[in-house]
Amino acid sequence: MTQAASSSQIESDANGAVAIAQRSADAEALPEGLTADDLVEVCRQMILVRTMDERIWMMNRQGKVPIAASCQGHEAAELGSLLAAQKDGDCFHFPYYRDLAVKMAAGLTPRQVMLSFMGKEGEPYSGARQFPLQGADLPRKIIQISNVVAAGLTQGVGYALACKMMGEKTVTICYFGDGATSQGETHEAMNFASIHRLPVIFVCENNKYAISTPQDSQMVISDVAARAEGYGFPGFVIDGLDLIACYEATRQGIAHARSAGPVLIEMKVERFMPHTTDDDDRRYRDRDALDAARQFDPVAVFPSQMVSRGILTQEQLDAFRSDATQQVNDATDFADAAQPPDASTIGDHLYVQG
Amino acid sequence: MPEMTVIEAVRSALHEEMERDERVFVMGEDVGQRGGVFLATQGFIEDFGPQRVIDSPLAEASIMGIALGAAFRGMRPIPEVQFSDFVWPSVNQLIGEAARAHYGTNGALKVPMTVRIPYGGGIRGGLFHSQNVEALFFHTPGLLVVTPSTPYEAKGLLKSAIRDDNPVIFLEHKKTYRLVRGEVPDEEYTLPIGPADIKRAGSDVTVVSYGLAMHYCLAAAEAVAADGIGAEVVDLRTLKPLDTETILDSVKKTGRLLVVHEDNISGGIGAEIAALAADEAFEYLDAPIARLCGPDVPTMPFAQTLEDAYMPSPDAIAAELRRLAAY
């Protein structure tokens, strides 16, 4: 598998140029702003997200979830990034369809998640009009209108433009996969953000597959981040399986975006599951390579690291697992018993009235 | 009342709304120093500065995506598509995203965005500077589609569009920009999006149209009046929502319906109006419903002969009115 920088620091010189300084992932010192309690909490989230993700897949096989895209393998990138954004407190997110961990870390409850995947009344993103967790969750600062990849990038840039026009300090974070980087709108979004030095972070969660199409059929370069140079802003390659590295890159990215304009952070992740519940990745993925990648599964590795570093106890970890199972059981029962939206509401909210 | 052209009315509406509301801004190709290729934003960069009069890169998808994102935050963007023919790269953001944003978020997001699009032909624009693009937007739930034909309507409807919380496709027929003059009140006014306007009353034939073709219908109605035929000219002004009440009331009165538009005939606005009349005014009809529209070729070609062959003319409309009246 591709192992990029295990961690990084973004250092701006006087001219705004940026360099990456390597740092060991298991350094004893925690990155700026991060406490041991944060790491304990993020372990809890990680286990909850994975437990939820696995249950959603299971419920699809039981015929109760029509479609799901799994975030397994993306959790460290998404949770690390969100941790930095939440600590900053003034970030807005334009995620994409593989961002369950982003959406849960932003505050969505397991019950809300399961309502969404089962398409029930009370679904928080779209009133169950859209695919799960697609639409908007404005109380938690999230917009994701569609499945058209990269459409959210220009929208995120527009959101950032509006924030700037209004004199706000909000940083907009756009999340997208490697597949979206082939779209013309990705280019247009990055170019415009650069021209206007907008406070935007482009986070590419590169899992090396656009459904079945491998990265080398999508581009000839090895790092999407290299494209940033062409737009005149910094780009970084981060090990997306290293939560602390993703936290730190995002934290520094936020500071850079707010003071100097856009930044592109490429987080190299793995996609442990097929594209969606409708996909069969045995047609195109090498099983041995996938099994090898699973050795680096962040949901297995990161909590263990925290235990061995003495930040988390084994008892806490066990409790997180049992608690996650309990919460997901509760959410499943709750959503299963919930009603679907009433058919009479099909015409609601077509237009803003008045 | 002062008289002005359509483009002057558009400019006046934009200027007033930008003065009125700081959230309003314009963005598009050459809208800044150039003032737009049709000069709709002439002088705006001096009056409002480059922060609110944004010269965009030549990239329509992002013009629309960025405007949409800004609308999500509460700004009231007015993206300009330089020519309707260039709207296609941005169609995903309009039809795929903007039209679905309010519905697809169960009402959480609003899209207070007005997309200004100079459209239509008769100006030797050929295949890529003449297109009629209204049918696709007309077909799309979630959008409003406005097609003013006079300066008075252009100003009043544009101001309403800018104040509306829904995405509005505002189609300005570019041949009317300097051709059509009319009185526009000095005082503040708006016109509601939706209602059609009966531009000429008549009791024998209803002719429904919009934009430039509506003016040709007026000329034709004047011509057939000499033959004692009273043609009632309904100017739609808004295509979406369609003012079905005004159309049906007129058809029930006259018993005859002609729909005229420059856009291709198949799947156009006229097809929907014909279906409406057949559904809801069938027993009032004294003649078959007729459509006089652009033929099913891709826009009016460049050569004068071919452009003339495409465009509906007052003479052709008058001939149809006579045929229906005599039916």
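**Briefing: the sheet and domains of chain B**

In chain B, five strands, in the order 9-11-10-13-14, form an open sheet of 5 strands with mixed pairing. The model described here is predicted. Strand 9 (197-200) and strand 14 (290-294) of chain B are the edge strands, and each has a single partner strand, so one side of each is left without a neighbour in the sheet. On average, neighbouring strands of this sheet are turned by 25° against each other, direction ignored.

**Pairing within the sheet**

- Strand 10 (residues 205-209) of chain B pairs with strand 13 (residues 257-264) of chain B in the parallel sense, over 3 bridges.
- Opposite B:Thr206 stands B:Leu257, a residue of strand 13 of chain B.

**Helices on the sheet**

- Helix 10 (residues 269-280) of chain B packs on the sheet and touches strand 10, strand 13 and strand 14 of chain B. The direction of helix 10 makes about 160° with that of strand 13 of chain B.
- Helix 8 (residues 211-225) of chain B lies across strand 9, strand 10, strand 11 (231-235) and strand 13 of chain B. Helix 8 runs at about 170° to strand 11 of chain B.

**Domains and their contact**

- Chain B is divided into domain 1 (3-183) and domain 2 (197-326), and the centres of these domains, taken over C-alpha atoms, are separated by 26 Å.
- In chain B, 25 residues of domain 1 are in contact with 24 residues of domain 2.
- On the side of domain 1 of chain B that touches domain 2 of chain B, at least two residues each come from helix 5 (134-138), strand 6 (144-146) and helix 6 (151-163) of chain B.
- By class, that side of domain 1 of chain B has 10 nonpolar, 11 polar and 4 charged residues.

Note on methods:
Residues numbered from 1 in each chain as written. Chains lettered and ligands numbered in written order. Predicted model: local features only at pLDDT ≥ 70, side-chain atom pairs only at ≥ 80, totals over all residues. Domains from an automatic or database assignment. Contact = placed C-beta atoms within 7 Å. Helix = DSSP H or I, 4+ residues; strand = E, 2+ residues; numbered from the N terminus. Nonpolar A, V, L, I, M, F, W, Y, C, P; charged D, E, K, R; others polar. Pairing = 2+ DSSP bridges. Axes fitted to C-alpha atoms, helices over the stretch in contact; angles between N-to-C directions.
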